[in-house]
Amino acid sequence: MGYKIDHIMSSKIEVIRICEHCKKQFTARTTRTRYCSPICNSRGYKALVRKGKVEKSNNETVQLLNTDLEKIKPLEFLKITQASLLFGISRSTIYRLVNNGHLDIAKFGKRTVIRRCDLEAFFAIPIQDVTLKTGQQFPGFDNCYTITQIQQKYNISSGALYLLIQRQGIVKYSVGKFTCVAKQDIDIIFNAVGR
Ligand SMILES: [Zn+2]
């Protein structure tokens with residue numbers, strides 16, 4: 001069982017990194033990606049060249065971030081900050097999930113920890129656990145969030161959000177250049193009480 005979960009998670013977890021230029025969180029293709037976009041890549045690199053810090057940054061900053069993730073991955077109990085880094089969700093979102101009864105936390109003395117398997121289980125909640133109407137029709141823009149709106153409202157990375165939408169079987173609607181999902185489908189995950 002433990003092996004199976006580890007195996008699934010290691011292949012599913014996306015690399016969440018902080019862009020070295022704009023400092024925003026983004027989903028990276030590899031653990032060595034340093035910028036969220038070609039624009040940030042170009043601007044960030046030029047700035048580093050000006051400061052003559054390319055070598056130093058390569059050796060220290062990147063390694064530090066990678067090492068952190070590698071250290072965290074095998075842990076059974078995670079500090080909130082570690083859970084945030086590993087699953088690409090903000091501390092405040094984790095606390096909201098705890099307050100809503102979706103996640104349990106434990107105390108080791110004064111330290112608050114969260115079990116990694118609880119977080120994995122949350123992201124893998126089967127579809128029947130969520131109130132999802134069958135045969136949904138597009139509820140209209142006013143009743144939808146765009147992906148960006150969800151990320152801003154709930155402080156979740158695009159990688160973690162797409163994983164959640166996929167695992168929960170939430171219906172996505174393509175409208176022009178936007179991908180939308182019904183507000184109630186998202187709100188129920190983060191706000192639903194008594195589930
Ligand atoms: Zn950036």
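View 1. The donors of the zinc ion are spaced as C-x2-C-x13-C-x3-C in the sequence. Cys19 sits in the loop between β1 (15-18) and β2 (25-28), and Cys36 in the loop between β2 and α2 (38-51), so this pair ties together parts that are 17 residues apart in sequence. Helices (H or I, at least four residues) and strands (E, at least two) are DSSP runs, numbered from the N terminus. The model is predicted: local features need pLDDT of at least 70 and side-chain atom pairs count only at pLDDT 80 or more, while totals for chains, interfaces and linings use all residues. Residues are numbered from 1 along each chain as its sequence is written, and side-chain values use heavy atoms, with hydrogens and water left out.

View 2. The SG atoms of Cys19, Cys22, Cys36 and Cys40 coordinate the zinc ion at 2.3 Å. Donors are N, O and S atoms within 2.8 Å of the metal (3.2 Å for Na, K and Ca); water is not among the atoms, so sites may look incomplete. The site is tetrahedral, with angles of 104 to 114° among the four donor atoms; four donors count as tetrahedral if all angles lie between 85 and 135 degrees.

**View 3. Exposure of Cys19 and Cys36.** Cys19 has a relative accessible area of 0% and is therefore buried, whereas Cys36, at 35%, is partly exposed. Buried means under 20% relative accessible area, exposed over 50%, and partly exposed in between (1.4 Å probe, protein chains only). Of the 195 residues of the protein, 37% count as buried.

Notes:
Four donors count as tetrahedral if all angles lie between 85 and 135 degrees; four count as square planar and six as octahedral if opposite donors are over 155 degrees apart and all others between 65 and 115; anything else is irregular.
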